[in-house]
Amino acid sequence: MNKWVYSLALLAAPVLAGASGVLGSAHSAPTEFAQGRQIYEQYCAACHGWQGEGAANWKKPDEKGEMPPPPHDETGHTWRHSDAMLFKMIAEGWRYPFNKSDRLTMPAFEEQMTAQEIQSVIGYLKTLWTDEQREYQKTESQ
Amino acid sequence: MREIIHSLTSAAWGFCVLTLAILMPALAQPANAAQPVKALTISSSGALLVLRDSGLLAIEGDTSTEIALPAIDQEAQATSLAKGADGNLYLAGPGLGVWRYDSSGESWQSLSDTLPNLGVTAMAAHATQPETLYAYLGNDGMFRSRDGGAEWVKVDSGPQETVQAFLHSDMPGSMESGWLFAGTTRGVSRSMDCFCFWGDAGDLRGTVSAIGYDPAAPENVYAVIEGQLHHSADGGETWTSLKTPKSVTALAFTPTQGLVVGTSNGNLLARGAADEWTPVHE
């Protein structure tokens, strides 16, 4: 529920920003949200799910001995990582060290995505979390 | 007749000498040595710290020094020892909460003010971050402090099963700064220290009473299940049993003796290069 409120808040940002100046640029929030969502759909959704729901049984190795793609919504652990760590994982990729294969199961996207696009998709992921998770992640990012 | 008396006297003396020879080594042992070893760790100077019901002992070379435990309620139990990355000694247990030892002042400081209660059943210190501590409080879950115990924050519920023993390791490969190993009633559970998710570390099953690792080769993890010592050389993926002379109750790595275990009958044993066990004298 909270994530929808957060998404709506982002979409309503121009109005709120115009009223109070709290949420920053009047035009940037919905644009960033749309761009983040578009990048997510282009590069991430095929593995992590269109709603960030991840793969089924993502906590256990699959038949290849690889950990499946985790959710990015509130049921996953993306919110436990700082902005810097999320940026690093998207840019450089990631391999769970106990996978039976040597490949990067989370591919590196630094060739396909600009730094601004990576930041944009991280911003979008934050709309999938609860208020408490966003607060936790904000602390981790400090 | 005289010969018979002489023979009987000799036999009696022989019996006495034999009895003394059997009993003397036991009598020479410290009175507390017969108590099970509850926990082991090392101090900043490399001394082996031994926790028994009778108290806490620091063993360094040929010298043993008793460290007075904090004054605690009778119902409280000291069950966990941990050495912080800065060398500080931590003590914890159910009803006890978490304490830090000030070696210069030879006193204990309670670190439990911001914990929801004192029911700490397992604790761990971060392998490389001096101020980071972890405490497990049963149903209340896992708490972390990043300021040396001044403020504790709940970070996770922990594995599904109750945690009996807790360990932070700087084994490579984590998304964050290391790994957490939890000895549970099901076996060994493992998570990166982001608390991303807890998963089985291999298929070792049973109630884990002690867990440790080799700081010089962090992939080497050790766990005790019902007195049996197990070793994993691959970070908990696969396990093999290690033979020990007695039932193991605690373990630690020392800089000079390597793996040292404490046993149910109070002995301390160091593992040699040829996998033999030799007594550690108190």
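User: What percentage of the residues in chain B is buried?
Analyst: The model is a predicted one. A residue counts as buried when 20 or more other C-beta atoms lie within 10 Å of its own. Of the 282 residues in chain B, the buried ones make up 40%.

User: How many helices and strands are there in chain B?
Analyst: Chain B has both kinds of element. The count is 1 helix and 24 strands.

User: Which residue in E2(B) is the bridge partner of B:Ile42?
Analyst: E1(B) pairs with strand E2 (residues 48-52) of chain B in the antiparallel sense, over 4 bridges. The partner of B:Ile42 in E2(B) is B:Leu48.

User: In the open sheet E17-E18-E19-E20 of chain B, what is the average twist from one strand to the next?
Analyst: The 4 strands of this sheet pair in the antiparallel sense. Strand E17 (208-213) and strand E20 (240-242) of chain B each pair on one side only and form the edges. From one strand to the next, the twist averages 30°.

User: Which residue in E20(B) is the bridge partner of B:Leu229?
Analyst: Strand E19 (residues 228-232) of chain B pairs with E20(B) over 3 bridges, in the antiparallel sense. The partner of B:Leu229 in E20(B) is B:Leu242.

User: Is B:Asn265 buried, partly exposed or exposed?
Analyst: B:Asn265 lies in the loop between strand E22 (258-263) and strand E23 (268-271) of chain B. Leaving out residues up to four places away in sequence, B:Asn265 touches B:Ala34 and B:Lys246. A residue is buried at 20 or more other C-beta atoms within 10 Å and exposed at 12 or fewer. B:Asn265 has 14 within 10 Å, so this residue is partly exposed.

User: How far apart are the C-alpha atoms of B:Asn265 and B:Glu151?
Analyst: Along the chain, B:Asn265 and B:Glu151 are 114 residues apart. Their C-alpha atoms are separated by 38 Å.

User: How are H4(A) and H5(A) oriented to each other?
Analyst: The axes of helix H4 (residues 83-92) and helix H5 (residues 115-126) of chain A come within 10 Å and cross at roughly 120°. The crossing is right-handed. Angles of 65 to 115 degrees count as roughly perpendicular and those over 145 as roughly antiparallel. H4(A) and H5(A) are therefore oblique.

User: By class, which residues make up the contact of H4(A) with H5(A)?
Analyst: A:Asp83, A:Leu86, A:Phe87, A:Ile90 and A:Ala91 in H4(A) meet A:Ile118, A:Val121 and A:Ile122 in H5(A). The contact has 7 nonpolar, no polar and 1 charged residues.

User: How do the residues of chain A that touch chain B divide by class?
Analyst: In chain A, 7 residues are in contact with 8 residues of chain B. Those on the side of chain A divide into 3 nonpolar, 2 polar and 2 charged.

Conventions:
Residues are numbered from 1 along each chain as its sequence is written. Chains are lettered from A and ligands numbered from 1 in the order in which they are written. This is a predicted model: local features need pLDDT of at least 70, side-chain atom pairs count only at pLDDT 80 or more; totals for chains, interfaces and linings use all residues. Helices (H or I, at least four residues) and strands (E, at least two) are DSSP runs, numbered from the N terminus. Two strands pair if DSSP finds at least two bridges between them. Axes are lines fitted to C-alpha atoms, for helices over the stretch in contact, and angles run from 0 to 180 degrees between N-to-C directions. Two residues are in contact if their C-beta atoms, placed from the backbone, lie within 7 Å. Ala, Val, Leu, Ile, Met, Phe, Trp, Tyr, Cys and Pro count as nonpolar, Asp, Glu, Lys and Arg as charged, and the others, Gly among them, as polar. Angles under 35 degrees count as roughly parallel, over 145 as roughly antiparallel, 65 to 115 as roughly perpendicular and the rest as oblique. A crossing is left-handed if the near helix is turned anticlockwise from the far one by less than a right angle, and right-handed if clockwise.
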